[in-house]
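Please read these comments with the model open. They are meant to be checked point by point.

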Amino acid sequence: IYPGGSTYLEGGLRAGIEEVSKNNREDRINRVLIMSDGLANVGLSGYEELGNVAKESSEKGISVTSMGVGVDYDEETMMYLAEYGHGNYHFIGDPEQIPTIFEKEIKELKAIVALGAELDFGFPSSLVLHQVYGFLNYTQLNGVIKLGLGDFYSGDNRRVVFHFKAVNPEQDVYDFNITVAYNHADNNSGKLILKTNVTLEA
């Protein structure tokens, strides 16, 4: 490895994904850890473009954890990589932090209990989705919001906030259908599905 005066973030990310892909299995924890200042100037350089590379990886079961380094690093790019890649985001302000961060990642991987969790959030036609807070990477079709929650380790949690606007302001009761699907980290039992219905009064 030698410095060349440029940052080919896309190339490094794809190379890492390719290596992990060689042994990628649904019943395994598959993750790429990428360390960069995020200031890409070779290949794809936009944070959304690079985020989509991480998204494609996560959809194949390979999550991406990003580590931002340098005083002037591009925080937005590194955060997009982690969010779209369903991994973690770290800022490294001191090189001495690196072993601790790697240790944390390894401990987390050992403690993971659910792989590739996905949320389907069904809402009534009397509501219009305005925004989803906490997740940029989601789709909406026929009254169902779909988003990836990533891997869960023991004691972990995810918070998603949905902002809706009412079509009929006078309506005060709304029904939601929630489905979470995931693979258990300890066996090959296939997708496990949890469903619940929630009624809220405005």
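Predicted model: local features only at pLDDT ≥ 70, side-chain atom pairs only at ≥ 80, totals over all residues.

1. Helix 4 runs over residues 98-111. Its geometry checks out: at 1.5 Å a residue, 14 residues should span 20 Å, and the end C-alpha atoms are 20 Å apart.

2. Ile-101, Glu-105 and Glu-108 are the buried residues to look at in helix 4. Viewed down the helix axis, the buried residues fall within an arc of 65 degrees, so they line one face. The face turned away from that buried side carries Pro-99, Thr-100, Lys-107 and Lys-110, which are exposed.

3. Glu-105 deserves a close look. It counts as buried because its relative accessibility is 2%, under the 20% cut-off. Its side chain makes polar contacts with the side chains of Asn-88 (2.9 Å) and His-90 (2.9 Å). Beyond its neighbours within four places in sequence, Glu-105 also contacts Arg-31, Leu-33 and Thr-65.

4. The largest nonpolar core holds 19 residues. Ile-145, Leu-147, Phe-162 and Phe-164 touch the most other members. Strand 4, strand 5 (127-133), strand 7, strand 8 (161-166) and strand 9 (173-184) each give two or more residues to this core.

5. Phe-162 shows the packing in detail. Leaving out residues up to four places away in sequence, Phe-162 touches Leu-119, Phe-121, Leu-129, Gln-131, Val-132, Ile-145 and Leu-147.

6. A second, separate core has 17 residues, including Val-20, Ala-54, Ile-62 and Met-78.

Definitions and conventions. Residues numbered from 1 in each chain as written. Heavy atoms only, no water. Helix = DSSP H or I, 4+ residues; strand = E, 2+ residues; numbered from the N terminus. Expected span 1.5 Å × (residues − 1). Buried < 20%, exposed > 50% of the residue type's maximum accessible area, 1.4 Å probe, protein only. Arc of directions from axis to C-beta. Core = buried A, V, L, I, M, F, W, Y, C linked by side-chain atoms within 4.5 Å. Contact = heavy atoms within 4.5 Å. Polar contact = N/O pair within 3.5 Å; in protein donor to acceptor, adjacent residues only side chain to side chain.
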